[in-house]
Amino acid sequence: MTSAANPSANSPANSADAPWPVRTVSMKVTQWIDRLGSIWVEGQITQINLRPGTRTAFLVLRDPSVDMSLSVTCDPELIRRSPIPLQEGTRVVVYGKLSFFAGRGTISLRVLEIRPVGVGELLARIERLKALLAAEGLFDPRLKRPLPFLPRTVGLITGRASAAERDVLSVAQSRWPAVHFEIRNAATQGPMAVPQILAALAELDRDPAVEVIVLARGGGSVEDLLAFSDEALCRAIVAATTPIVSAIGHEPDNPLSDFVADVRAATPTDAAKRVVPDAAAELAGVRELRARSAAALRGWVDRETRALVQLRSRPVMADPLREIDRRTEEIERLRVSARRCAEHLIRTETTAARHLREKLTAVGPAATLSRGYAVVQRVTGPERHVVRSIEDAPAGSQLRIRVADGAITAAALGTQALGARKTTETERD
């Protein structure tokens, strides 16, 4: 029992001298795989082998994002009783247990239940992924790169010999015949679509000559367009350094690649129109701009000519010296007026000065002396003092008497007060 439960318990230690036989290795692998138990697995069916009369059906389940697959076995009745016909490309969720076949050395998933993923579930998953990418900011318009006006080389990823490829090439070459395309054909639906599109996108993004990449496919059902809502593809579009145009399906179709791409085109034809300009329209635009610029230049010349004619017709331009003569006469008139005003001012001020001089003369010392008055100065000592009182000139003082026409030297014989004189005169009376 112990040996059956653990066949390696009694096995010798593994070494170069004591290697394990193949049966021991197979039993060990079987034990490790049995520990996993039953699991749920999601993938796309890429191959179905259902032979009549057999009790086992063989399928190949592939990961939708990377190139990995797993062999699956099940009861044929699981496939026949499926509510949705199972075919290659159908996305399913299976429940089973891994088994190791020691005879062939292979691993297979023995399935006990198969659940096809319906359109509603697919749409719900796409919406959840859309919300996740939006929350990360991958739909932000600020991340969108502008398309070049005239790309030298356009990368095109589409199905081989597809209508989308024909539409893009024919429309682009009719609009701009010199455009060059780097075409990479890839599966646009099914389990191989995402790996092939990712490889083509990486190759074109590395090419320095490619200035814009177009991802094109015609319309289809939700299941057909699942590859363009794959998370790995959406993140690869955001990480690319080359501007990418998403032209998937028709107007109602909106896979997630439309939201993360730099430009969304409604159809492959619309993508071709957005990528390259229309040569005829551009030439027409150039001709229109030339005509408008020429008309604008002629209009400017006409306006300036009319302005010059108006300037020449003005009197100042017809007779330039007339204005100088008019100004000369005005200056002469102003000069005469200024001289007259200055002379009048001088006469007025001269008269006023004479009157002031006469007033000063009338109140001056000379006028007083001419009326009979005199100025008496005592000349005794080094200084001369004007005599204002009898006390200033006692008897014997030398005096200088200034009159109108000269001066008289005299001496004081005595003094007499004014009151005493009045008394004497009264007595006499």
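Me: D262, buried or exposed?
Reply: D262 is buried, at a relative accessible area of 9%. Buried means under 20%, exposed means over 50%, and partly exposed is in between, with a 1.4 Å probe and protein chains only.

Me: What kind of model is this, and how are residues numbered?
Reply: This is a predicted model, where local features need pLDDT of at least 70, side-chain atom pairs count only at pLDDT 80 or more, and totals for chains, interfaces and linings use all residues. Numbering runs from 1 along each chain as its sequence is written, and side-chain values use heavy atoms, with hydrogens and water left out.

Me: Back to D262. Which residue forms a salt bridge with it?
Reply: R145 does, with the closest N and O atoms 2.8 Å apart. R145 sits in the loop between α4 (119–135) and β6 (153–158), and D262 in the loop between α8 (257–260) and β10 (263–264), so the pair ties together parts that are 117 residues apart in sequence. Helices here are DSSP runs of H or I with at least four residues, strands are runs of E with at least two, and both are numbered from the N terminus.

Me: And how accessible is R145?
Reply: R145 is partly exposed, at 21% relative accessibility.

Me: How many salt bridges in the structure?
Reply: There are 16. A salt bridge here is a side-chain nitrogen of Lys or Arg within 4 Å of a carboxyl oxygen of Asp or Glu.

Me: Which residue does R80 pair with?
Reply: E77, in a salt bridge of 3.1 Å, N to O. Both lie in helix α3 (residues 76–80), three residues apart, so about one helical turn separates them. R80 is partly exposed at 47%. E77 is partly exposed too, at 33%.

Me: What about R274?
Reply: R274 bridges to D270, with the closest N and O atoms 3.1 Å apart. They are four residues apart in helix α9 (residues 268–275), so again about one helical turn lies between them. R274 is partly exposed at 43%.

Me: New topic. Which residues have the most contacts inside the largest nonpolar core?
Reply: I157 and I237, in a core of 26 residues. At least two residues each come from α4, α6 (193–206), β8 (210–217), α7 (231–239) and β9 (244–248). Helix α6 gives the most, with four residues. A nonpolar core is a set of buried Ala, Val, Leu, Ile, Met, Phe, Trp, Tyr and Cys residues joined through side-chain atoms within 4.5 Å.

Me: What does I237 touch, leaving aside neighbours within four places in sequence?
Reply: R145, L201, L215, I244, S257, V260 and A261. Contact means heavy atoms within 4.5 Å.

Me: What other core lies apart from that one?
Reply: One of 20 residues, among them V154, V171, A216 and V275.

Me: T158, buried or exposed?
Reply: Buried, at 1%. T158 is in strand β6. Not counting residues up to four places away in sequence, T158 touches A164, E165, R184, N185, A186, T188 and A216.

Me: Now α2. Which of its residues are buried?
Reply: T24, S26, K28 and I33. The buried residues of α2 pack against β4 (91–101) and β5 (106–116).

Me: How far does α2 reach?
Reply: Helix α2 (residues 22–34) has 13 residues and reaches 18 Å from first C-alpha to last, close to the 18 Å expected at 1.5 Å a residue. The expected span is 1.5 Å times one less than the number of residues.

Me: Which residues make the nonpolar surface patch?
Reply: L308, L311, V316 and M317, for about 370 Å². α10 (279–313) and α11 (315–318) are the elements giving two or more residues. L308 is in helix α10 and is exposed at 54%. Patch residues have over 30% relative accessible area and no salt bridge; like charges are joined within 9 Å, and nonpolar side chains (Val, Leu, Ile, Met, Phe, Trp, Tyr) within 5 Å. Areas come from the Shrake-Rupley method with a 1.4 Å probe; for residues, only the protein chains shown count as cover.

Me: What is the phi of A161?
Reply: Positive, about 55 degrees, although A161 is not a glycine. Most residues other than glycine have a negative phi. A161 lies in the loop between β6 and α5 (163–175) and is exposed at 62%.
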